[in-house]
Amino acid sequence: MSNASSARFAPGDRVRVYNTDPVHHTRAPRYVRGHQGVVVESQGAWPLADDRARGLPHPRVEPVYTVLFSAHDLWGSGAHSVTVDLWQSYLEAVTEV
Amino acid sequence: MSESHASTPVAARVRRLEERLIEAGLVSDTELDQILAGYLAGAAPLNGARIVARAWTDDEFRSRLLADANAAIPELGLSMRSGLQEQRLKVVANTPRRHNVIVCTLCSCYPIGLLGPSPSWYKSEAYRSRVVREPRALLDDFGLALPDDVEITVWDSSAESRYLVLPLRPAGTAGLTEEELVPLVTREGLIGTAAV
């Protein structure tokens, strides 16, 4: 597809979910916005849910990643992990300091 | 989070769309029912139980299943193609040190085409909000008390993948055949709110 974007992340990469609050439908759950996680798997490319929900004729097709978050990072407590499936445009790279 | 599905604007829109299609003579009520029945025919937790029993008894199948579930489940006559588009299936295996549990915090995504409709509690706000926050306490309420040294991973199906948990084979079942193992697997075991 012409509007498919290539993969910017790979397993092991540290990413942050953009802390945006779009007026339209999105599938970046609020509880991970602004938080950092680690890519654990690439799921291939899928039409962007935001574009499909808005009825755009040619939804962007983007890589989707399984991103692992630690409960402590998300909630300030807890020893478990949570994985969330996120489209590429929800994510920015985190450069280690 | 969305409220109960029956009352959402989308549900109302679907009902109006159905009425318009029927009025226009494009489809009948019976045809719509047949499409739905076809989608759900054979969609039951038994499919998941068969996948698990095969994985417990065939290490090579287990490896193929965990690497690419969509490619492996046709060996059992199953597929993720029953809907409009093929969904990605990801099977996550429990180990003695790690327990997996699945959820869809945004709505109620679930491998319906494979397992049939999800249990009502799976769609409840209580489950969806609590399992990502305090899974150990929640699982305890389900009657699953995990040892402290077992770590928990919660899989939130927020995009196009659907998840299935591969439970640990229960102790004392070494003598059972694949067919005898199938009835031991429950829907809750496949979601991760039970041990098996």
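Reply: A residue is buried if 20 or more other C-beta atoms lie within 10 Å of its own, exposed if 12 or fewer, and partly exposed in between, with C-beta atoms placed from the backbone. Helices (H or I, at least four residues) and strands (E, at least two) are DSSP runs, numbered from the N terminus. This is a predicted model: local features need pLDDT of at least 70, side-chain atom pairs count only at pLDDT 80 or more, and totals for chains, interfaces and linings use all residues. Residues are numbered from 1 along each chain as its sequence is written, and chains are lettered from A and ligands numbered from 1 in the order in which they are written.

Me: How many residues of strand β3 of chain A are buried?
Reply: Strand β3(A) spans residues 61-70 and is mostly covered. Of its 10 residues, the number buried is seven.

Me: Which residue stands opposite S70(A) in β4(A)?
Reply: Two strands pair if DSSP finds at least two bridges between them. β3(A) is joined to β2(A) (residues 36-47) by seven antiparallel bridges, and P47(A) faces V61(A) there. β3(A) also pairs with β4(A) (residues 81-87), antiparallel over seven bridges. In that pairing, the residue opposite S70(A) is S81(A).

Me: Which strand of chain B pairs with β4(A) in the parallel sense?
Reply: The pairing has four bridges. S81(A) stands opposite T153(B) in it. The partner, residues 151-156 of chain B, is strand β3(B).

Me: Which strand supplies the largest share of the side of chain A that touches chain B?
Reply: Two residues are in contact if their C-beta atoms, placed from the backbone, lie within 7 Å. By this test 17 residues of chain A are in contact with 18 residues of chain B. On the chain A side, β2(A) and β4(A) each supply at least two residues. The largest share, seven residues, comes from β4(A).

Me: What distance separates the centres of the two domains of chain B?
Reply: The bounds come from an automatic or database domain assignment, which gives domain 1 (5-40) and domain 2 (45-191). Taken over C-alpha atoms, their centres are separated by 30 Å.
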